[in-house]
Amino acid sequence: MSNNLISLTDVQLAFGHHALLDHADLVIQRNERIGLIGRNGAGKSSLLKILDQRQTPDDGQVKRLGGLKIATVEQEPELDPEVSIYDLLCGDFTETEDWQRPARVNALMDKLGLDPDALTGSLSGGQRKRVALANALVEEPDLLLLDEPTNHLDFDGILWLEQLLLDFRGSAMIITHDRRFLDVVTTRIIELDRGKLFSFPGNFTQWQERKAEFLEAEKQHNAKFDKFLAQEEVWIRKGVQARRTRDEGRVRRLEQLRRDRAERRDRSGDVKFAISEGQRSGKLVAELQDVSHGFDDRVLIKDFSTVLMRGDRIGLIGHNGAGKTTLLRIMLGLQEPKSGTVRHGTKLNIGYFDQMRSRLDENATLADTISPGSEWVEIGTQRKHIMSYLEDFLFPAARAHSPVRTLSGGERARLALARMFAQPTNVLVLDEPTNDLDIETLELLEDLIQDYTGTVLLVSHDRTFLDNVVTQVIAAEGDGFWGEYVGGYDEWLSQRPQAKAGKSAASTSGAAAKPAADRNSKVVKTVRLAPWEEKELEALPEKIAAIESQQATLADQLSAPDLYKDGSSRADEINSQLDQLNKDLEQLFERWEKLEEKRLAS
């Protein structure tokens, strides 16, 4: 029996002049779990459509094993809203004479906790994704194709899906940006880059190591090629030798080199994130005292108190429907609680990135979305033309006047970020920012947030993103209670009530065993410095020394005998600079002390 389920040979697919697949080759074997990665718009979803025959390639050969059964779960599953879950999953099994199907459906519904009588139109995004997965699994496919399966799933749903795929007997190809998910599930990573498919054995972390080596080798190869081509171009310009009969072969080789260079697709640039930071907010951002809120008879928040300070990086986590976005809106003053008080600090400039991208006008152009009525964008002290700014976010100038409605999900996310970063802020609010963004853009966004000096509030189910960005977690613990924990996702995982309950045989079930006063009190627990904090701590002495050097230089200028020769304006300017340097130095020492305390306590 052949191990190859599908083979693609020399496959080509293009839309307009843009080649998504450029003489691409691929083999999918039995019992593989493949992670398919690549930039937004690279053609990953189109590749899945070729595999399950929804799309026909322009050229090349696709071979499938006889009788191969393929099931696909799309990013946004389309389900008949008037059909019950049971009827959707069972279908008309009498027509196919699949008499075992009802038994498989009942087993799956029990396993997934699905109500058989619920109409699919009444389901949440996470529930719809589970039903779509169940609909694929009940077919008992040889190959399962998943397009962004973790979108709309909470932590429990993601962990459930990880185990489901680990237990799955067939092969799977998964498009996802969730790096932790890729590390747990995959046996091979395939990257779609510039129309080619590159295969790397192992999981995402192993791919990152090999990818760095691959890119360096490619860079060196291209540099040698370009140098040789340049030498041949110099030779041809001399003219005389090139016309000799014995050099005709060299001329033909040069012509081929030129064709090869013209056909080479260089790696496109990265997104260039830069954020316009406004003036510093007051030390207090928000204070919540005994806040409660809910809808109908459902309590989302009960007697919750907390204080948000300038510079905090807080992640809000919890299952779908727990009330994360509601709590976030109450913190920002965008929604009034049913009871309790909310006090806000001064000079707050809030940048809000909402998960539904609802703040984007579908009919507005990209340029007007970023800077309505102006051709320029002010980013800090830098002034950029709108076309150049859009190109920083990988939107070519030709698309600047296209309407928002023509954008893909990933492009909408980039545009929403571009608009938010163009406005001065000192509070960044990110509600599920990782959905639809490719891995490279996610990593660049992480770097930007780590360097941001304002306050960050983040709602996300991306475990790696949370670990790399936040230093504190506010987590839903059921029945409207919320707990606060130092650290990111991994620290919360080890500190949460369920984890502690699991370690003690005498303990009752998790959060229910804790008094309400304890649940909403801060957990006094020290954790290690985050990697970005360690880098920041290492760099502080050099920053402090640089400021002290500037102070010394300005002090020398202040004592110069001819300083007041033309009046006091220059002296006033120096004193103003010294005042600012003193403030900067005070902030650096304050930050150093805070990080040192955290390091010594860990």
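Is Ala134 buried or exposed at its relative accessibility? In this predicted model, local features need pLDDT of at least 70 and side-chain atom pairs count only at pLDDT 80 or more, whereas totals for chains, interfaces and linings use all residues. Residues are numbered from 1 along each chain as its sequence is written, and side-chain values use heavy atoms, with hydrogens and water left out.

View 1. Ala134 counts as buried because its relative accessibility is 0%, where buried means under 20% relative accessible area, exposed over 50% and partly exposed in between (1.4 Å probe, protein chains only). Helices (H or I, at least four residues) and strands (E, at least two) are DSSP runs, numbered from the N terminus. Apart from neighbours within four places in sequence, Ala134 is in contact with Leu89, Leu108 and Leu112, contact being heavy atoms within 4.5 Å. Between the C-alpha atoms of Ala134 and Leu108, which lie 26 residues apart along the chain, the separation is 6.6 Å.

**View 2. Gly43 in the loop between strand 3 (33-37) and helix 1 (44-51).** With a relative accessible area of 10%, Gly43 is buried; when residues up to four places away in sequence are not counted, Gly43 touches Leu20 and Leu192.

**View 3. Ser45 in helix 1.** Ser45 counts as partly exposed, at 31% relative accessibility, and, with residues up to four places away in sequence not counted, Ser45 touches Asp147 and Ile175.
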